[in-house]
Amino acid sequence: SYVYYVFAISTQALFIFFNSKHLRYLLDEVNSYWLINLGERIIYPALAITTLLFQRSLLRLWEHNARLDKFILGLLAAFGVVVLLTFLPNEKTFQYPFIALLILLIPVVFYTNIDAIRRGNVTAIVHLAAVGVFLTGVIITMLLQLWPAFPNNQFTNGAYNLGIIAQEL
């Protein structure tokens with residue numbers, strides 16, 4: 001599960017790198033905008049995939065809750081389809097399914113941890129606290145982007161980054 005954790009943290013770092021447009025700045029003279037756009041698109045489902053793989057491995061879902069594990073595997077496959085959709089030129093083609101899957105994923109992540117805690121898994125308590133802070137940042141970022149009336153301030157703009165930092169502490 002630690003390998004999956006490294007993948008998840010690396011994907012989160014890449015997300016911050018892509019989201020801050022650093023790659024565009026570095027490769028400005030190369031004229032590889034298609035590749036940059038693809039990287040910026042793929043990082044979203046990759047973040048969900050690596051986080052799910054880590055959680056599945058850490059909580060050993062296949063041993064303790066086979067039905068929930070099958071559901072997680074289905075979500076992983078669906079996010080894999082979203083990765084394929086990132087290759088299409090219209091950005092909305094992958095954004096809508098991604099957002100729908102993300103809205104489904106967030107309660108599932110909380111539930112898998114609560115289910116593991118109910119079974120006596122002490123690791124799930126720590127993981128729930130960490131992933132809860134991270135997902136709070138994700139939720140605030142989604143609300144900021146999807147709901148025009150959501151407060152736009154320094155805290156809400158940096159909620160995702162604060163969630164990542166707090167998660168890793």
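Start at Arg-60, in the loop between H3 and helix H4 (61-64). A word on those labels: helices (H or I, at least four residues) and strands (E, at least two) are DSSP runs, numbered from the N terminus. Arg-60 is not a glycine, yet its phi is positive, about 50°. Most residues other than glycine have a negative phi. Buried or exposed, or in between? Arg-60 is partly exposed, with a relative accessible area of 38%. The cut-offs: buried means under 20% relative accessible area, exposed over 50%, partly exposed in between, with a 1.4 Å probe and protein chains only.

Now, what are we looking at? This is a predicted model, where local features need pLDDT of at least 70, side-chain atom pairs count only at pLDDT 80 or more, and totals for chains, interfaces and linings use all residues. Residues are numbered from 1 along each chain as its sequence is written, and side-chain values use heavy atoms, with hydrogens and water left out. pLDDT is the predictor's confidence in each residue, from 0 to 100. The protein has a mean of 85, and 91% of its residues reach 70 or more. Where is confidence lowest, and where highest? Helix H2 (residues 22-26) is lowest, at a mean of 67, and H5 is highest, at 95.

Two packed helices are described by the angle between their axes and the distance between the axes. Axes are lines fitted to C-alpha atoms, for helices over the stretch in contact, and angles run from 0 to 180 degrees between N-to-C directions.

First pair: helix H3 (residues 33-59) and H5. Their axes are 9 Å apart, at an angle of about 160°. That makes H3 roughly antiparallel to H5. Angles under 35 degrees count as roughly parallel, over 145 as roughly antiparallel, 65 to 115 as roughly perpendicular and the rest as oblique. The crossing is left-handed, meaning the near helix is turned anticlockwise from the far one by less than a right angle; clockwise would be right-handed. Who meets whom? From H3, the residues include Pro-45, Ile-49 and Arg-56; from H5, they include Asp-69, Phe-79 and Val-83. Contact means heavy atoms within 4.5 Å. By class, this contact has twelve nonpolar, one polar and two charged residues. Here Ala, Val, Leu, Ile, Met, Phe, Trp, Tyr, Cys and Pro count as nonpolar, Asp, Glu, Lys and Arg as charged, and the others, Gly among them, as polar.

The axes come within 10 Å and cross at roughly 155°. H5 is therefore roughly antiparallel to H6. This crossing is left-handed too. Among the residues that meet are Phe-71 and Leu-75 in H5, and Phe-98 and Tyr-111 in H6. The contact of H5 with H6 divides into 17 nonpolar, two polar and one charged.

Last, two residues in H7. His-127 is found in helix H7 (residues 122-146). His-127 is buried, with a relative accessible area of 10%. Beyond four places in sequence, His-127 touches Phe-54, Gln-55, Leu-58, Asn-113 and Gly-132. Leu-135 is buried, at 6%. Leaving aside neighbours within four places, Leu-135 is in contact with Ile-106, Val-109 and Phe-110.
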